[in-house]
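This briefing goes through one protein chain, topic by topic. Please keep the structure in view while reading.

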Amino acid sequence: MTDTATDSLAGTPTPAAADSIREAEPAAADAGGWLDLLQPAHLATTLMLSMGVALFAFNGFFVSTVLPSAIAEIGGGHLIAWSVSLYLIGSIVAGVTAAQLKQRFGARRVLVVATVLFIVGTVVAALATSMEQVLLGRVAQGLGEGVVAAICYALIPALFPARLVPKVFGVEALVWTCASFGGPFAAGWLAESFSWRIAFLINVPFALLFIVLAVFTATTREKVLEGSRMPVSPLLFLSLGMLMVLASGIVGNALLSAALVFAGLALLGFSVIRDRLSPSSLMPHSAFGLSSTVGTGLWLVLLMPVAQATSSVYFVFGLQRSFGFGPMAAGGLGAVMAMSWSLVAVLVAHIGAGSARRRSIEAGPVLQCGGMLLVALGFHQGSLTLLIVGQIVVGAAFGASWAFLSQMLMEASVAKERDKTSGLIPTLQSAGFAIGAAFAGLAGNSLGLAEASSDGKTGVAFAATFVIPVLWTIPAMLLARRSTRLAHGVLPQSS
């Protein structure tokens, strides 16, 4: 293996190596096919990354399905919302620290320890005799999964040539689609046929398999850094900020809920400021700035999930309340977005021209805006066709842009911060959904959706709720255009 390849595998390619990648890529941009991911050089790595994504995706759908059965046995129904909130806080906080942990201890060691922590959390939740114990297990699961997801993202540009990166994201999108369809059915079957505890424990063999794959594939020769201190104050403000944002959806008072949301966002902003001042930062120093590709692109990574969160919270609920669908039918239609995301991600993965990739990135928030408006119009007019088309368009928005946006950010990062940028992408995605869910809850509660019944006024309320997130797509469109202009020459061009 050449020195250049070794540096690249370490996730810290030299400037010369990065330039050579971009220069060599034009001739090879169209040379990579899907079968390349199944070649001996990439098969184990593809399986490892897919397994890491599967653990994250399936676990979310499993838990939301089996918790009602757990509550029926051990009680604690008033704490059910915290099972999601505490998991997300753990996942987001751990994800932010993943890059520094990887640089200090190496990817393989951190992946193994994080997965063991996830297994411990799974066992604690499965053997729980109270909801408080389930919550403790969920925190451990979140901490482990946050690190695993972030490092898996960081390993993509390190372990795959740039021509295969969009295809790797296409595979991950397929995994998410399988999770959205298969997860609830599998969890429900396990809970009904055996018990909710078995549904939790089914994670354990898959996690053990992931550890085996990580041991043999995440063996990059990294320059492990020593002596760097983990900045405490940014993590503290981040944790408190996310706690306030997520708690806003649990309190009953609308005014208090709004205050928690905005106070939480203020603390999140202060966390970013404190991190920039830290000599050993958790995030790229240009994060959330407006003068760089990384800064503007990370805003886009945050804002698109913020807008999408309304669908995650209210789409299936709206189908049941406004159209009278049962849980299974409504859930199946809710998964249309994930199907569209996967299909479009696969279709666009072969695009080699940098200009076409930049246009795909710019198209993302535009399609999302149009799709959300179609969903709102569908609820207003009682049109199931418009709802489904809107969901398809929203899915296409992510499918067309997400892989190329992620690759652009990875390629635009300076070598020493590439791990931070790559690992921050899934973390920001989770944070965006959490923040968006808080805003969706505020909007929905103010419009009385919790007490909505099947009548004409319900459709209008749901329509208004889906119009509000369109506002987030407007700055996203502007930021997408700016980030691609700043990144001209970063995305590989086809010959």
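Asp419 and Lys102 are both buried. In this predicted model, the two form a salt bridge whose closest N and O atoms are 2.8 Å apart. Asp419 belongs to helix H17 (residues 418-446) and Lys102 to helix H4 (residues 80-105), so the bridge ties together parts that are 317 residues apart in sequence.

**Other salt bridges**
- The count of salt bridges comes to four.
- Glu362 pairs with Arg485, with 2.5 Å between the closest N and O atoms.
- Because Glu362 sits in helix H15 (residues 354-381) and Arg485 in helix H19 (residues 470-486), this pair ties together parts that are 123 residues apart in sequence.
- Glu362 counts as buried at 16% relative accessibility, whereas Arg485, at 45%, counts as partly exposed.
- Arg163 and Asp36 also meet in a salt bridge, at 3.0 Å from N to O.
- Arg163 is in the loop between helix H6 (131-159) and H7, and Asp36 is in the loop between helix H2 (15-28) and H3, so parts 127 residues apart in sequence are tied together.
- Asp36 has 22% relative accessibility and counts as partly exposed.

**A buried charge without a partner**
- Glu172, in helix H7 (residues 165-193), is buried yet has no salt bridge.
- The nearest side chain of opposite charge to Glu172 is Lys102, 15 Å away.
- Leaving aside residues up to four places away in sequence, Glu172 touches Val53, Tyr153 and Ile156.

**Backbone at Phe288**
- Phe288 lies in the loop between helix H11 (254-277) and helix H12 (293-323).
- Its phi is near 65°, a positive value in a residue other than glycine.
- Most residues other than glycine have a negative phi.
- Phe288 has a relative accessible area of 15%, and is therefore buried, the cut-off being under 20%.

**Helix H14**
- H14 (residues 336-348) has 13 residues and should span 18 Å at 1.5 Å a residue; its end C-alpha atoms are 18 Å apart, which agrees.
- Among the buried residues of H14 are Trp341, Met337, Val344 and Val348.

**Surface patch**
- Leu35, Leu38, Leu43 and Leu47 make a nonpolar surface patch of about 380 Å².
- Leu47 is in helix H3 (residues 43-74) and counts as partly exposed at 45% relative accessibility.

**Whole chain**
- The chain holds 19 helices and zero strands.
- Of its 495 residues, 57% count as buried.
- Among contacts between residues at least 6 apart in sequence, 83% join residues at least 24 apart.
- The accessible surface comes to about 19,500 Å², and 70% of that belongs to carbon and sulfur atoms.

Technical notes: Residues numbered from 1 in each chain as written. Predicted model: local features only at pLDDT ≥ 70, side-chain atom pairs only at ≥ 80, totals over all residues. Heavy atoms only, no water. Helix = DSSP H or I, 4+ residues; strand = E, 2+ residues; numbered from the N terminus. Expected span 1.5 Å × (residues − 1). Buried < 20%, exposed > 50% of the residue type's maximum accessible area, 1.4 Å probe, protein only. Patch = residues over 30% accessible without salt bridge, like charges linked within 9 Å, V, L, I, M, F, W, Y side chains within 5 Å. Areas by Shrake-Rupley, 256 points an atom, 1.4 Å probe, with all protein chains shown as cover. Lys, Arg positive; Asp, Glu negative; His and termini not counted. Contact = heavy atoms within 4.5 Å.
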